[in-house]
Amino acid sequence: TIVDIAVEDGRFTTLVTALTEASLVEALQGEGPFTVFAPTDDAFAALPDGALEALIADKEALTNVLLYHVVEGAVLAEDVVGLDGERVETLSGYQIKVKVDMGSVYVDKAMVIITDIQASNGVIHVIDAVLLPKTIVDVAVSDENFSTLVTALTEAGLVEALQAAGPFTVFAPTNDAFAALPAGILQSLLADKEALTSVLLYHVV
């Protein structure tokens, strides 16, 4: 199975430990088929200091991250290449984006370095980075249309709150929306943390 291969291959000891801690070993020994984008030990080691330990200590978050690496069905390399520019739903419920660039395949920002390791219940593609589901804040930061909103969230000290598990629904004003406020209003809000927090939370359900 996928798990047997991961256990026998010396490059996935951290992944196997994580799967064990998240009680996902039995699930990935099931019929499937599954496609697993498997980070190497080096990929886990490249996480920021303390990130892996924090995940191991939080079973729910760890499970969410691990399932973000698993897609239903056996998706071979030739099929992955055909998904260039598309988003694929993972077992976590979140979507990963597939990109082909200069002959290399990327899943989110991780490069696929080995493909089509066949298992009885699916296929493994090896990747060089750990995939982390994007939070609302991550999405806003990556879109230049929300730079004013990100500044406001930072000033109000709400970034960490909106990186939490949630789930939240955010009605997000664009930079143009902020620019359309009467003159001086935005500056006044940024100078008044309590008022700014109240306005920002008025956009969150």
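L55 sits in helix α4, which covers residues 51-56, and it makes a handy entry point to this predicted model. Helices here are DSSP runs of H or I with at least four residues, strands are runs of E with at least two, and both are numbered from the N terminus. Local features need pLDDT of at least 70 and side-chain atom pairs count only at pLDDT 80 or more, while totals for chains, interfaces and linings use all residues of this predicted model. Residues are numbered from 1 along each chain as its sequence is written, and side-chain values use heavy atoms, with hydrogens and water left out.

**Overall picture**

- The chain has eleven helices and seven strands.
- Its C-alpha trace spans about 65 × 35 × 25 Å along the principal axes.
- Of the 205 residues in the chain, 38% are buried; buried means under 20% relative accessible area, exposed means over 50%, and partly exposed lies in between (1.4 Å probe, protein chains only).

**Contacts between residues apart in sequence**

- L55 has a relative accessible area of 14%, so L55 is buried.
- L76 lies in the loop between β2 and α6 (77-81), and with a relative accessible area of 26% L76 is partly exposed.
- A separation of 8.5 Å is found between the C-alpha atoms of L76 and H125, which are 49 residues apart along the chain.
- A179 belongs to helix α9, residues 175-179, and is exposed, as its relative accessible area is 64%.
- From A179 to T148 the C-alpha to C-alpha distance is 9.0 Å, and the two are 31 residues apart in sequence.

**The aromatic pair**

- A pair of aromatic rings is described by the distance of the centres and the angle of the planes.
- The rule used here pairs rings of Phe, Tyr and Trp (its six-membered ring) if their centres lie within 6.5 Å; planes under 30 degrees apart count as stacked, over 60 as edge-to-face, and the rest as tilted.
- That rule gives one aromatic pair.
- The pair is edge-to-face because the planes of the Y68 and Y94 rings are at 80 degrees, with the centres 6.5 Å apart.
- Distant parts of the chain are linked by this pair: Y68 is in the loop between α5 (59-67) and β2 (70-72), Y94 is in the loop between β3 (87-89) and β4 (95-101), and they are 26 residues apart.
- Y68 has 2% relative accessibility and therefore counts as buried, whereas Y94, at 37%, counts as partly exposed.

- Side chains of opposite charge can pair when their charged atoms come close.
- With a salt bridge taken as a side-chain nitrogen of Lys or Arg within 4 Å of a carboxyl oxygen of Asp or Glu, the count is one salt bridge.
- It joins the side chains of R11 and D9, at 2.5 Å from N to O.
- R11 is partly exposed at a relative accessible area of 36%, while D9 counts as buried at 19% relative accessibility.
- R87, K97, K99, K109 and K134 form a positive surface patch; patch residues have over 30% relative accessible area and no salt bridge, and like charges are joined within 9 Å.
- For such charges, Lys and Arg count as positive and Asp and Glu as negative, with His and the chain ends not counted, and the place of a charge is NZ of Lys, CZ of Arg, CG of Asp or CD of Glu.
- One of the patch residues, K109, lies in the loop between β5 (104-107) and β6 (110-119) and is exposed, with a relative accessible area of 77%.

**Backbone points worth a look**

- Most residues other than glycine have a negative phi, and most peptide bonds are trans.
- The G32 to P33 peptide bond is cis, with omega near 0 degrees, and P33 is found in the loop between α2 (13-21) and β1 (34-39).
- M102, a residue other than glycine, has a positive phi near 55 degrees; M102 is in the loop between β4 and β5 and is exposed, with a relative accessible area of 80%.
- D108 also is not a glycine, yet its phi is positive at about 55 degrees; D108 lies in the loop between β5 and β6 and counts as buried at 16% relative accessibility.

Key
Patch = residues over 30% accessible without salt bridge, like charges linked within 9 Å, V, L, I, M, F, W, Y side chains within 5 Å. Areas by Shrake-Rupley, 256 points an atom, 1.4 Å probe, with all protein chains shown as cover.
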